[in-house]
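Here are my notes on the model, as numbered points.

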Amino acid sequence: MYLNVHSQYSLRYGTMSIPKLVEEASARGITQMVLTDINNSTGIMEFMRECDEKGIKPIAGLEFRKDKRLLYIGIAKNKEGMRELNEFLTEHNLEQKALPETTPEFKNVFIVYPYGHAGELNDNEYLGIRFDELHQLYKKDLSGIKEKLLALQPVFVADKIEYRLHEYLRGIDLNTLLSMVTPEDKCKPTDQFLAPGKLEASYAKYAFILDNTRNLMNCCEMDYPKGRINLNRLTFTGNKKNDKELLEKLALSGMDYRYGKQNKEAFKQVKHELKVIYELDFCAYFLITWDIIRFSMSQGYYHVGRGSGANSIVAYCLRITDVDPIELDLYFERFLNSKRTSPPDFDIDYSWDEREDVQDYIFKRYGSKHVALLGTMSTFKDRSIIREIGKVMGLPKSEIDGFTDQTRAAFNRDNAVFKKISAIHAMMANMPNQRSIHAGGVLISEEPITYYTALDLPPKGMATVQWDMYEAEKIGYDKYDILSQRGIGHIKQAVKLIEENQQRKIDIHNVKAFMKDPVVNAQLKSGNTIGCFYIESPAMRQLIRKLGCDSYLVLVAASSIIRPGVASSGMMGTYIKFHHAPDTVKYLHPVMEEQLKETYGVMVYQEDVIKVCIHFAGMDGTDADILRRGMSGKYRSKIEFDRLVERFHEEAIKLGRPEEIVKEVWRQVSSFAGYSFSKAHSASFAVESYQSLFLKTYYPREFMVAVLNNYGGFYSRSLYVHELKKSGAIVHLPCVNHSDSIVNITGIDAYLGFVGVHGMEASFIDGIPEERRQNGPYLSMEDLIRRTGIGLEQTITLIRVGALRFTGQSKKELLWKVHRLLDTNAKPSNELALFNVEAKNYQLPELINTRLENAYHELEILGFPVSMSFFDLLETDFRGEILSNDMVNHVGQMVKMVGVYIDSKTVHTKNNQNMWFGTFLDADGNFFDTVHFPNNTSAYPFRGAGCYLIMGKVVEDFGFPSIEVLKFAKLPILGNPVMDLE
């Protein structure tokens, strides 16, 4: 009879997971209990499942607290009661208003106030009294409340050890020392399940309290359906028959658009998929996704449909995706089949600044009671928690830093304090820490979603469920992924800038033409892909050059084999080798050659595994996908999986395949399946890559401006400015008379925006250009100050970055003047002047700024120099014995090169040592790459941004040169002349 049980979802308060909670209750013979986590219902559905398995009657509830104070406990009589509680909490969360001292009238909820609550009680309201409060009833007239008293034994922890953990959690939650956690901040040591019979014994003198409690709990029945049921919106039109007819009409119409009316292969595949979609009841899922796409396209928003949904020709015909599954030989069963154990989903990407409009449409179109964003749950798993525990213990920062320093691991092992911290950390590991928001998941429910969860209002400002995608799937929800990415923003804004700057309209959806363009493919082959979606990283540019990648199909393969598992398994090297020498491939069987010729016998894609299962072993598409998923660790039934493995061998031998070859094919299938990547994913990535690549090839200036304005990509802002200069643009420092908040371009003149100016306030970032647009250019610094109301510090920042150079005065002159105008330390005069006297113009000595001073200003305020390069800042004139373009002529030779550091990547060797791969720019602005082996890197480490002198041997891998570094040092730069003066 426990009315007030808490799990770990009472965040940073409760210590037991729901499985452990139920296990503890079962061990004590408890037959029914109420889960009442603090201000959330995250664990309710999981709690019901676990209790059902253990034969315990689950009852759902919520504990409501305000400012650490218990207000009341809500206990649901049934499913409707849980909806009432969830909606009550949701209202206060979404409207961000405090919980009231008393509850509204509930129809299907019992309310339990703590003993001592004043005021009359309604029929559904009770008082909960703890066993250590029973003395307050002594000699008291109970006639008015006798039937209202309930046994209140809160449960937060399992034992004394977990109570200590609870105290640490409270310290972390309150950001205070363990010694400063007060009794009001935490539970009581007795707030746990009591030994069998002890609860009853505690209330022996007041047996009626136990009777009241038992009777109340007996009135509760959680009438939720058992097991997973489909909770998604069940129809699009309101009628399943109409859904079926509409989906067929849209699919066939889209087929005409994509393939023409006479394509028999497409028609056959569309009909096949529609049949499966009908049978599996996914019409509404497809139609709702189509509706979202229809809305976004009507608004002019660009989207990319990716994921396994690209395996569906129906999705292609509905314009959900732009990947042609027939052209790429993709298998629908990879997306949807009758035996799939997890729901499929579409991943729809939008530009970062358009996604919220799409989400807002979904909420309005399908109803706020039926739509919510998906939540996530972050856990205590990061080593940063060691820092939090150390703070709670009151340790000094230096000691905590030592405990988180990996180089001191051996020393720390024998440290008593560290052992204690580690023990606490181990107990916290994977405990939920805080609720957050999923990257893009949206749920659309048939019933009001509050039957299953209360809703939060994260900073994003849209209602969000209190559990994550894994719980959503178990409950019965399939998510719609409405995602955002910067690459789409690059493309969208580049197209707009090209129209504005060059008066040319680009059909960016004409991807098939881009794929056949020899100039675009030559650009791809060169590896000049900075800023392009998915293909700009050092590793991807290396792979492109090693492959000599010059086509869409090869790029699709590259997008797959770059994945960590594929690359580390050795398949990447095998693929590159056979790509250059396809005649040397030895196929195990003619069927293997027929099905895998495109990838030289290497199972690069998950679809390749399915192909082999179907065509070599004679399996159907559904079983082939189940087998593929099983080898990826995603299929739950080992018995079923083992049966399919046997079937693979049996069916292959029935087809006349030699037994030894069957065994070897299976060995390859089983080893590749865990590493392979979805071809549909890769194809989707490659489509967007080609769109970026087309823009970079023909309109590089506008494209790079768009990249800068959409927060870049893999690299730092300085590299994208460098690329903008390389494209032929004249890059200007920010200017109050030419710059906008973001980078703009007119002709070949590009002005950096105020967004990149460190220390600029948002009001002036937008306000300065807006005032100029409204009332014309600024005439002087005084005019700028008068019209914008800008203060001293912000004006100084603008002067130092060169944004007032239009005045013709030097920075030092302007700084002198602005201090006279705005210095708040100047003594004010309150006397009225008899006459208006003109301000005195003092004759200043000539004040000159050097290029070096300006470069230091830019480094400080922009983060990189614009008027000088990093090479110009070097003390030495040496620029290396060779440059990047000459490396291929020095393979095997020792050389010295000088490069600007761009990026580095750490890799763990088989011996668990670290090695690094570096990326640099030479004095001509071209890339070169370095390899730093463990034995050299510790002596010559990376030391941040700047230029390095690099000595090493030039090596080559499939035509791609790099340097194996022997020695490596950061070069000194010219001193800051202002600092030198001081």
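1. Buried here means under 20% relative accessible area, exposed over 50%, and partly exposed in between (1.4 Å probe, protein chains only). This is a predicted model, in which local features need pLDDT of at least 70, side-chain atom pairs count only at pLDDT 80 or more, and totals for chains, interfaces and linings use all residues. Residues are numbered from 1 along each chain as its sequence is written, and side-chain values use heavy atoms, with hydrogens and water left out.

2. Strand β20 spans residues 927-932, and six of its six residues are buried, so the strand is largely enclosed by the rest of the structure. One side carries F927, D929 and V931, the other F928, T930 and H932, and all are buried. Strands (E, at least two residues) and helices (H or I, at least four) are DSSP runs, numbered from the N terminus.

3. Strands pair if DSSP finds at least two bridges between them. β20 pairs with β19 (residues 914-921) in the antiparallel sense over six bridges; T930 is the bridge partner of G918. Five residues lie between the strands of this hairpin, where G925 takes a positive phi near 85°.

4. β20 also runs parallel to β22 (residues 960-970), joined to that strand by two bridges. Here T930 has I963 as its bridge partner.

5. Where does V755 sit? V755 is in the loop between β17 (749-751) and α32 (762-775). V755 is partly exposed, with a relative accessible area of 41%.
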